[in-house]
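Visitor: I would like a close look at a single part of this model, taken slowly.

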Amino acid sequence: MCEDKQDALQTGALSVIESTYQSLRAALPETITIRLNSNRRTLVSLRPQKNGGMRLSVHKEMLSYVEVLPDLVRYVSKRGRGRYPVLNTVMQRVFDEHCLPARVQQQDPVWAERLNDLPLLSHCTDSLEQLYQAIHSGYFSHLSRPELIIKRRPPQRRRRSIQYGSYHAATAKVGPQVRITPLITQNWIPVCFLEHVLHHELCHHAQRSQPMQRERMHSARFKKWEQEYNMFVEAVAWERVNRERLLSS
Ligand SMILES: [Zn+2]
């Protein structure tokens, strides 16, 4: 059926995944290629291909939720614009069940306590710039340090997603930049979550500094670097538990 059949077999949900896959295939035009992924971050994406078609990449576990089909088909036909409530719910569920490190998935009470005890920005005497410099010198001292930009606060409204940060490679006029949303600099945010975002964006800078042909954004080497941040697991787990609060902050 697809490249990841072997993987899907191991999940034990093959028949549902397979039949949803077949229905999806039948519902989409021929020009759309479908790839089943096992990503931990980008569960659904739609990208143009060299041959002029598009490639829909979708986490294989999402296909064990048949109800996701109409939203997925709409997502493709509208090129990702619009609202996809079922798709979002399924994505969240798959993320929680399959994309978090095992320790966090188990909802270990010790873990829950640890997440509540993470040092917060309200208690941090370092400035954002100092925290940023420390992450840079701790993990990326071999690279130049992009300028850190705190973006403007987005309007207060019901959000469906937040872009925590972004990396902008140097242009002819401006050097490289790491931009973050002020939402992750609020007092109640743990230091490690802010640091994780800064570290993540600096991994993009590292990627850009040592380019590899046709490398994907969150490639295997990117993920390896990303997990080198010493509070990576805590930061990701904290985000999962606090995403709703962040969205409405
Ligand atoms: Zn990224």
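In which sense do β4 and strand β6 pair, and over how many bridges?

Guide: This is a predicted model, in which local features need pLDDT of at least 70, side-chain atom pairs count only at pLDDT 80 or more, and totals for chains, interfaces and linings use all residues. Residues are numbered from 1 along each chain as its sequence is written.

β4 and β6 (residues 177-180) pair in the parallel sense, over 4 bridges. Strands here are DSSP runs of E with at least two residues, helices are runs of H or I with at least four, and both are numbered from the N terminus. Two strands count as paired if DSSP finds at least two bridges between them. Within this pair, E147 stands opposite Q177 in β6.

The pair belongs to an open sheet of 3 strands, ordered β4-β6-β5, with mixed pairing. β4 (147-150) and β5 (165-168) stand at the edges with a single partner strand each, so one side of each has no neighbour in the sheet. From one strand to the next the twist averages 20°; axes are lines fitted to C-alpha atoms, for helices over the stretch in contact, and angles run from 0 to 180 degrees between N-to-C directions.

Helix α8 lies across β5 and β6, at about 25° to β5; contact means C-beta atoms, placed from the backbone, within 7 Å. α8 covers residues 191-209. Of its 19 residues, 15 are buried, so α8 is largely enclosed by the rest of the structure. A residue is buried if 20 or more other C-beta atoms lie within 10 Å of its own, exposed if 12 or fewer, and partly exposed in between, with C-beta atoms placed from the backbone.

Note on methods: The expected span of a helix is 1.5 Å times one less than its number of residues. Two residues are in contact if their C-beta atoms, placed from the backbone, lie within 7 Å.
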